[in-house]
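Let us walk through this protein together, with the model open beside the text.

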Amino acid sequence: FLGDSICAGTTVLADAKEYGYGWGGLIGEANKMLWKNYGRNGATVAPLSSVDQVRWIPYQADLAISAYPNADYVIFDGGANDAYGLGAEGIGTFSAIGYAPTSDADFTGAFETLILKILNAYPTAKVGYIIPPKIGPVDDHGSEGCVLRKFFDRAVEICQKWGVPVLDLWNGNPLNPSLSVYYDSELTADEANT
């Protein structure tokens, strides 16, 4: 498992087993897998100057490839810290044909390079990308819409281009930090409150 704090988990929670448990540990234990979680708080896909090497998801991939060259699964997240650190102008440009990133310093180029690194190192593994539930303020990014979601939408475009499945918890999860209770759009307000 590769990614940011959402992947990494935390030992701050009373019931956390260890740092690095996060969704990786939940998936690993629920499926009785041998697993390793390389996720770290603050991790990015693009090499931001404010992020040290261990918090760079492509470096996490290098560590995983070296330690576990025959992994059956590689599941990762990433993009939230990129959106916060790079802003809308750091998303980069996307090409639907071939591998043609304009720069590994922007999110698009770095994300596509990361996917190809994983796919080339693990040609027979099942590779998947997870978009986290709505996090932080999702509606305060100005008239152009949520910058965070735009980064995730770009990640989806790249994943579709290279055949990587996506689990989108942003749109498919009842968690929303702007609500005081869990929310399920299939329920009436009374049912949700109950």
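A residue counts as buried under 20% relative accessible area, as exposed over 50%, and as partly exposed in between. Keep in mind that this is a predicted model. With those cut-offs, take Val54: its relative accessible area is 32%, so Val54 is partly exposed. Val54 sits in the loop between α2 and α3. Leaving aside residues up to four places away in sequence, Val54 touches Arg40, Tyr59 and Gln60. Asn41 is 13 residues from Val54 along the chain, and their C-alpha atoms are separated by 9.7 Å.

Now step back to the whole chain. There are 7 helices and 3 strands, and from the N terminus on they follow the order α-α-α-β-α-α-β-α-β-α. The protein has 194 residues, of which 39% count as buried. Cys146 is buried, with a relative accessible area of 14%. Cys146 and Ala88 are 58 residues apart in sequence, while their C-alpha atoms are 9.3 Å apart in space.

After α2 comes Lys32, which has a positive phi near 50°. Most residues other than glycine have a negative phi, and Lys32 has a positive one although it is not a glycine. Lys32 belongs to the loop between α2 and α3. Is Lys32 buried or exposed? With a relative accessible area of 78%, Lys32 is exposed.

Trp23 brings us to the aromatic rings. How many aromatic pairs does a search of the whole structure find? The search gives 8. One of them joins Phe1 and Trp23, with 5.5 Å centre to centre and 85° between the planes, an edge-to-face arrangement. Phe1 is in the segment before α1 (5-8) and Trp23 is in helix α2 (residues 22-30), so this pair ties together parts that are 22 residues apart in sequence. Both partners are under the cut-off for burial: Phe1 is buried at a relative accessible area of 11%, and Trp23 is buried at 11% as well.

A further pair is made by Phe152 and Trp170. Why does this pair count as edge-to-face? The ring centres are 5.9 Å apart and the planes meet at 65°, and an angle over 60 degrees places a pair in that class. Phe152 comes from helix α6 (residues 147-162) and Trp170 from the loop between β3 (166-168) and α7 (189-193), so the pair ties together parts 18 residues apart in sequence. Phe152 and Trp170 are both buried.

Aromatic rings also gather in a cluster, where ring pairs link Phe76, Phe107, Phe111, Tyr129 and Phe151. A ring can have a charge over it too: the charged end of Lys36 sits over the ring of Tyr38, at 5.4 Å from the ring centre.

Lys36 leads on to the last stop, the largest pocket. Rolling a probe the size of a water molecule over the atoms shows where empty space is left. The largest pocket holds about 400 Å³ of space. Its lining is made of 18 residues, and those nearest its centre are Leu34, Trp35, Lys36, Ala71 and Tyr73. Which elements each supply at least two residues of this lining? They are α3 (57-67) and β1 (73-76), and β1 gives the most, with 3 residues. By class, the lining of the largest pocket has 15 nonpolar, 1 polar and 2 charged residues.

Methods: Residues are numbered from 1 along each chain as its sequence is written. This is a predicted model: local features need pLDDT of at least 70, side-chain atom pairs count only at pLDDT 80 or more; totals for chains, interfaces and linings use all residues. Side-chain values use heavy atoms; hydrogens and water are left out. Rings of Phe, Tyr and Trp (its six-membered ring) pair if their centres lie within 6.5 Å; planes under 30 degrees apart count as stacked, over 60 as edge-to-face and the rest as tilted. Helices (H or I, at least four residues) and strands (E, at least two) are DSSP runs, numbered from the N terminus. Buried means under 20% relative accessible area, exposed over 50%, partly exposed in between (1.4 Å probe, protein chains only). A charge sits over a ring if NZ of Lys or CZ of Arg is within 6 Å of the ring centre and within 35 degrees of the ring normal. On a 1 Å grid over the protein atoms alone, a cavity is a set of points where a 1.4 Å probe fits but cannot get out, and a pocket is an open set with protein on both sides within 12 Å along at least five of seven lines; lining residues have an atom within 4 Å of a point. Grid points are joined across faces, edges and corners, and a volume is the space filled by probe spheres set on the points. Ala, Val, Leu, Ile, Met, Phe, Trp, Tyr, Cys and Pro count as nonpolar, Asp, Glu, Lys and Arg as charged, and the others, Gly among them, as polar. Contact means heavy atoms within 4.5 Å.
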